[in-house]
Amino acid sequence: MLKLYGGGRSRATIPQWYLEELGVPYEFVTLDLQNGEHRQPEYLAINPMGKVPSIMDGDFKLWESGAILLYLAEKYGNLSAEPEQKGAIAQWVLFANSTLGNGIFIEANRDREMPRLLGPLNQMFEGQPFVLGQEFSVADVAVGSILAYIPIMLKLDLSAYPAVLDYMKRISERPAFQKVFAARATA
């Protein structure tokens with residue numbers, strides 16, 4: 001069985017949400033991050049960087065939430081073999097983990113980057129319900145997770161981006177999202 005390693009309030013919610021969306025059986029292994037369990041030799045054998053999340057799928061070890069999402073989409077999702085679709089999904093996963101996350105969560109970048117990032121996202125969501133169009137995908141897990149962290153961690157005013165707020169509401173109503181994020185909010 002696939003094992004997902006994470007902590008109570010960690011980016012492990014990102015691949016966990018996607019696992020729930022896919023209906024893939026998994027075991028969530030909670031590491032006590034406060035006491036450094038992620039820096040112990042047993043865990044460092046899975047992720048030598050000592051960060052979460054990580055997965056073990058049989059003997060295969062993988063870390064970094066974006067890499068895990070791409071792997072899960074390839075192995076368990078309905079990802080086509082078309083390089084264009086794979087490229088578009090990778091683009092949005094990398095955007096979420098790097099550009100969007102850094103633009104919003106690094107305070108020194110926020111005032112400059114938030115309008116540059118949320119403005120185009122708002123415009124995009126005015127014309128389509130999900131990142132890649134009409135269908136929910138792993139790209140929504142990546143982008144949606146970063147956006148979902150905003151009200152939890154930052155309490156920023158997003159009223160200038162009503163289509164982004166509608167998108168956030170739409171994804172937060174998904175049963176898999178509610179299952180994972182509600183559990184983590186209380187952890």
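**View 1. Gln-178 in helix α8.** Gln-178 belongs to helix α8, which spans residues 175-185 (helices are DSSP runs of H or I with at least four residues, strands are runs of E with at least two, and both are numbered from the N terminus). Its relative accessibility is 42%, so Gln-178 counts as partly exposed (buried means under 20% relative accessible area, exposed over 50%, and partly exposed in between, with a 1.4 Å probe and protein chains only). Gln-178 and Trp-17 are 161 residues apart along the chain, and their C-alpha atoms are separated by 8.8 Å. The model is predicted: local features need pLDDT of at least 70, side-chain atom pairs count only at pLDDT 80 or more, and totals for chains, interfaces and linings use all residues. Residues are numbered from 1 along each chain as its sequence is written, and side-chain values use heavy atoms, with hydrogens and water left out.

**View 2. The open sheet.** The order of the 4 strands in this open sheet is β2-β1-β3-β4, with mixed pairing (two strands pair if DSSP finds at least two bridges between them). At the edges stand β2 (26-30) and β4 (60-63), each with a single partner strand, so one side of each has no neighbour in the sheet. On average, neighbouring strands are turned by 20 degrees against each other, direction ignored (axes are lines fitted to C-alpha atoms, for helices over the stretch in contact, and angles run from 0 to 180 degrees between N-to-C directions).

**View 3. Strand β1 and its two partners.** Strand β1 (residues 2-6) pairs with β3 (residues 54-57) in the antiparallel sense over 3 bridges. With β2, strand β1 runs parallel and is joined by 5 bridges. Leu-4 stands opposite Ile-55 in β3, and its bridge partner in β2 is Phe-28. Of the 5 residues of β1, 4 are buried.

**View 4. Helices α6 and α7.** Helix α6 (residues 138-154) packs against helix α7 (residues 162-172) at an angle of about 105 degrees, with the axes 10 Å apart. The two helices are therefore roughly perpendicular (angles of 65 to 115 degrees). Asp-140, Val-143, Gly-144, Leu-147 and Pro-151 in α6 meet Val-164, Tyr-167, Met-168 and Ile-171 in α7 (contact means heavy atoms within 4.5 Å).

**View 5. The buried side of α7.** Ala-163, Val-164, Tyr-167, Met-168 and Ile-171 in α7 are buried. They cover an arc of only 145 degrees around the axis, which puts them on the same side of α7 (the arc is that of the directions from the helix axis to the C-beta atoms).

Technical notes: Parallel < 35°, antiparallel > 145°, perpendicular 65-115°, else oblique.
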